[in-house]
Amino acid sequence: MEAREFLALAMFGLFIGLIFTGFPVAWVLGGLAVLFTALAIVFERDLGLYTGVDWSYSSLVVERIWSIMDNWVLVALPMFILMGLLLDRSGIAGELMRNIARLFGRVRGGLAITVALIGILLAATTGIIGASVVLLALLGLPPMMKAGYNPELAAGTVCAVGTLGILIPPSIMLVLMADRLAMSVGDLFLGAFFPGALLGGLYVLYILGFAILRPESTPVPQDAPPVDWTVVKDAMGASLPAAALILAVLGSIFFGIATPTEAAGVGAFGALLLALIKKQLSWLTLREVLRETTRTTGYIFAIFLGATAFSLVLRGLGGDHLIHEALLGLELGPYGTLLLILLLTFLLGFVLDWIEITLIVLPLVAPVIVNLGFDLVWFTVLFAVCLQTSFLTPPVGFAIFYLKGVAPAEINVPVIYRGVVPFVLLQILGGGLILLWPALVTWLPSMAYGN
Amino acid sequence: MAKTRLSGETMSELGSVKAQTDEAPSPRTAFTPPQTPLSGPIDRVLEKIGQKLSWVWLLLLGVIVLNVTLRYGFSSGRIELEEAQWHLYAIGFLAALSYGVKTDSHVRVDVLSERLSHRKRAWIDLYGILLLGFPFCAFILFYSVPFVYESYVTDEVSISAGGLPGRFLIKLALPIGIALLALAFFSRLLRLGRFLFGPTHLREKP
Amino acid sequence: RPAADQSSAPGSSSIAQIRWRLPVAFNTNLPVLGENSAWVSETIASLSNDRFVLEVFQPGELVSPLEIVDAVRGDKVKAGYTWLGYDQGKLPVSVLFGAVPFGFEPVVFSAWWYDGGGQQLAQEIYRPLGIEPILCGLIGPEPAGWFREPLRNPEDLVGLKIRFAGLGGQVIQGLGASVTLLPGGEIFQALERGAIDATEFSLPVVDQQLGFNRVAQYNYFPGWHQPFTASHLAVNLAAWQSLSSQDQAILKTACTAGVTRNLAQAEATQAPTLALYEAEGIHTEVIPAPILAALEAETRLVLEHEAQRDADFARVLASQRAFGKDYDTWRKLAYPAKP
Ligand code: NA
Ligand code: NA
């Protein structure tokens with residue numbers, strides 16, 4: 001092994017090690033880029049070992065940060081965040097839950113199905129997992145627990161559905177992936193639509209099956225009112241604002257009013273209007289929402305900065321080359337290599353979060369996939385499903401964490417673990433179906449573009 | 001338990017509903033080192049800057065809506081407005097870096113570290129800032145100076161028809177943002193120092 | 001301080017003695033436009049018996065296309081393969097070396113560059129910035145763009161939402177079009193959904209790979225805004241001067257071959273694409289004469305305006321005009337008129 005390859009491996013290994021110290025991930029990434037530049041110089045100057053990295057090379061990071069600054073597509077990110085926060089503050093989501101729950105009140109498993117449907121609606125308006133999981137937990141868990149639902153089913157449903165937002169368009173993750181791979185955001189949004197719907201459908205089927213096989217786990221609440229016209233009307237009325245918002249975002253893209261990037265701004269504007277109409281938005285609330293947008297934007301972009309520095313130095317040390325060689329050197333054939341990449345992504349999801357994986361790993365493996373002759377949109381959607389699954393994987397994951405933060409005491413960590421396992425299996429099933437039938441991804445974009 | 005977590009502040013973004021539940025303890029045991037005579041004023045300045053610059057998102061929203069309206073409604077897109085979008089966004093996210101350190105809202109993987117004592121966590125933060133945070137800031141600052149200067153002396157403008165002039169101004173946001181980040185690290189370093197080496201009553205166990 | 005990407009590599013499997021990183025402005029998977037940089041890099045390796053290696057890095061892998069010249073100037077990489085006009089914001093004259101509206105045809109540009117004083121002018125301008133400019137790729141006209149609706153008269157340009165970069169963008173904006181600069185990844189969908197009415201992009205064979213023929217029905221010609229498009233190898237001047245005269249010759253020869261190779265390919269591969277368009281029912285049309293005349297008049301104003309603001313721009317423009325004038329007397333006499 002060359003000295004530089006040793007440095008590349010050490011850099012990656014140290015990164016995994018250091019993030020477990022609890023020091024912020026972003027600064028571990030950025031700091032290691034600087035430290036390993038210094039190390040590379042020592043190796044080359046003092047030990048006479050070729051590394052290919054010095055201060056001049058690593059200073060390209062300034063130009064790379066500038067490319068993040070003047071990136072018009074990434075403007076969508078803070079706007080989606082703002083939209084999600086406004087949606088929460090306006091109480092639209094809460095109202096939706098209360099009214100639709102009454103609609104399904106008398107169906108077995110109806111409450112869990114309500115949570116699933118609302119989660120899918122939320123997913124189509126925003127792409128922020130934390131917001132969805134916490135909202136669904138706070139709105140959906142108390143009624144399910146009160147009705148005597150199986151706590152594992154309740155927790156699993158909330159976790160799994162809450163992560164769908166990252167897959168069902170619009171989604172920050174897909175915007176970021178399209179940007180990293182220089183592909184059309186629209187292609188990815190359309191490509192992810194059926195896979196997202198498929199997974200949502202699988203969840204609902206699983207809940208229905210659970211309700212039929214174990215009726216005692218999903219009792220119909222005693223006080224469920226009969227479904228009459230008033231209930232239907234209320235449910236429809238409560239769905240209207242959310243539907244309007246979906247229309248604002250997806251519609252403005254579809255009707256050519258706005259680009260996908262601008263649609264995020266249009267969606268945030270829609271959420272602002274809804275909040276104003278519902279008189280839920282005081283000056284103070286708006287101020288707080290904006291500050292929270294800054295904090296969330298801050299931690300995401302800090303990771304961007306750290307990751308762009310880290311991956312530049314890693315690339316300079318030949319890290320890319322190492323991965324290419326390793327993946328292709330195994331001679332697993334195209335599908336074997338693809339499965340290996342997806343498996344590694346899934347495993348990485350145990351320890352890294354989606355931003356780092358998207359920024360560091362995706363650009364490394366995408367060229368390999370293209371070389372193998374696979375469709376890049378299809379692969380990226382598969383990759384996204386893999387990442388979405390990793391939010392759910394015990395021992396840890398964003399979704400589990402968010403749920404733990406707000407769940408009632410009886411929903412402890414072992415309950416959540418047991419609850420998400422069936423949904424992780426459903427994710428693997430869904431991923432397998434997408435793998436077998438690429439048309440699930442590729443059909444919609446091809447239809448939309450008239451060929 | 002959770003290894004990847006967001007800070008308490010980020011959690012509170014979801015908070016209007018969260019506040020309704022009584023228990024819902026914060027998932028992380030908050031560790032806030034004590035203020036010092038110097039870090040206090042620094043933190044207040046950083047807080048003010050973060051708060052004021054948060055309005056940039058509302059401005060950005062307005063510019064996007066204006067641009068969409070002009071282009072779709074009046075067939076008159078303005079490249080100035082397109083560029084203003086990413087100018088505002090860049091200012092916003094660069095300002096957010098230091099605000100994130102000040103409010104301790106950067107992502108930490110604390111599955112192991114949350115079991116450590118506050119003293120051990122303070123040591124980790126101290127070494128992290130000295131060995132990782134500061135070198136990163138120094139590196140970016142050092143190399144962004146010629147980057148901005150070059151833009152200034154060449155009187156760089158946008159390469160687009162009708163784009164914005166004075167490009168060095170937006171490029172200047174990078175060193176300013178990183179300098180504020182370094183300042184936020186410095187303030188936290190002072191506080192960690194006081195916690196670790198200061199009066200013993202500040203050193204109690206969590 | 002060791003020059004990292006120029007050092008010898010003991011223990012490396014490669015026998016390269018000079019190993020440079022080469023960021024390129026166009027992905028090498030793009031036909032003609034992109035693949036030329038890979039061809040040049042392979043040629044340099046062959047000519048030097050693998051002793052001199054330029055390792056190609058795709059757009060954004062190291063640095064974005066817009067920053068390649070900067071990176072070379074700052075000695076962050078030793079060389080880059082780019083369209084010089086990306087540097088227009090700092091160096092207005094750079095665009096005249098890259099593509100000029102109603103400017104030279106490609107062969108005439110190469111005549112001006114090699115034997116009409118073009119290269120010397122470029123060296124006078126770039127060497128003080130620490131860059132040796134070497135012409136390294138050249139292609140013919142890029143179509144005037146993809147349109148959702150037909151163009152009939154100059155008024156059709158008023159309020160037209162079009163994605164258009166560079167000097168051409170300034171010209172078409174001057175005629176009342178609403179110019180936008182959508183990011184590359186969004187052009188396709190914006191055009192498909194009608195968020196924009198038209199876009200300029202690249203050669204037919206490139207456009208087709210990116211699928212613009214799937215979302216717009218009208219492809220307009222001629223390529224008034226870019227009769228020639230030149231790519232250059234921008235080499236850090238100190239690195240250039242440190243090369244042996246043999247290695248300098250290798251770089252120059254590979255690039256000169258790249259120019260010929262690139263142009264031949266560009267001319268050879270468009271007709272089959274156009275035939276494909278015809279089969280698909282794409283309207284390949286010529287911009288009506290009154291619109292073209294208006295564009296030409298506006299181009300003259302824009303070029304004059306730029307020349308007034310920048311002495312180098314004026315100098316290079318004057319050189320190109322003088323060369324073009326002389327050349328025309330030869331062309332009119334020498335080449336048979338086409339039917
Ligand atoms: Na979503
Ligand atoms: Na996980």
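I will speak about ring pairs, then charges over rings, then a pocket, and finally some points about helices and the backbone.

Before that, a word on how to read the values: this is a predicted model, in which local features need pLDDT of at least 70 and side-chain atom pairs count only at pLDDT 80 or more, while totals for chains, interfaces and linings use all residues. Residues are numbered from 1 along each chain as its sequence is written, chains are lettered from A and ligands numbered from 1 in the order in which they are written, and side-chain values use heavy atoms, with hydrogens and water left out.

Let me start with the aromatic rings. Over all chains, the structure holds 41 aromatic pairs, where rings of Phe, Tyr and Trp (its six-membered ring) pair if their centres lie within 6.5 Å, and where planes under 30 degrees apart count as stacked, over 60 as edge-to-face and the rest as tilted. In one of these pairs, the ring centres of F194(A) and W443(A) are 6.0 Å apart and the planes stand at 45°, so this pair is tilted. F194(A) belongs to helix α11 (residues 185–213) of chain A and W443(A) to helix α21 (residues 439–448) of chain A, so the pair ties together parts that are 249 residues apart in sequence. Helices here (H or I, at least four residues) and strands (E, at least two) are DSSP runs, numbered from the N terminus. F194(A) is partly exposed at a relative accessible area of 29%, and W443(A), at 44%, also counts as partly exposed; buried means under 20% relative accessible area, exposed over 50%, and partly exposed in between, with a 1.4 Å probe and protein chains only.

In chain C, one aromatic cluster is formed by F97(C), F104(C), F109(C), W112(C), W113(C), Y126(C), F228(C) and F323(C).

Which residues lie nearest the centre of the second largest pocket? They are F102(C), G103(C), F104(C), E105(C) and P227(C), out of 36 residues that line this pocket. A pocket, on a 1 Å grid over the protein atoms alone, is an open set of points where a 1.4 Å probe fits, with protein on both sides within 12 Å along at least five of seven lines, and lining residues have an atom within 4 Å of a point. The largest share of the lining, 8 residues, comes from α12(C). By type, the lining divides into 20 nonpolar, 7 polar and 9 charged residues; Ala, Val, Leu, Ile, Met, Phe, Trp, Tyr, Cys and Pro count as nonpolar, Asp, Glu, Lys and Arg as charged, and the others, Gly among them, as polar.

Turning to the backbone, a cis peptide bond joins F221(C) and P222(C), with omega at about -5°, and P222(C) is found in the loop between β9 (218–221) and β10 (229–236) of chain C. V32(C), a residue other than glycine, has a positive phi near 60°; its place is in the loop between β1 (18–23) and α1 (35–47) of chain C, and V32(C) is buried at 1% relative accessibility.

D104(B) likewise has a positive phi, near 50°, and is buried at 10% relative accessibility. Chain B as a whole has 7 helices and 2 strands, and buried residues make up 58% of its 206 residues.
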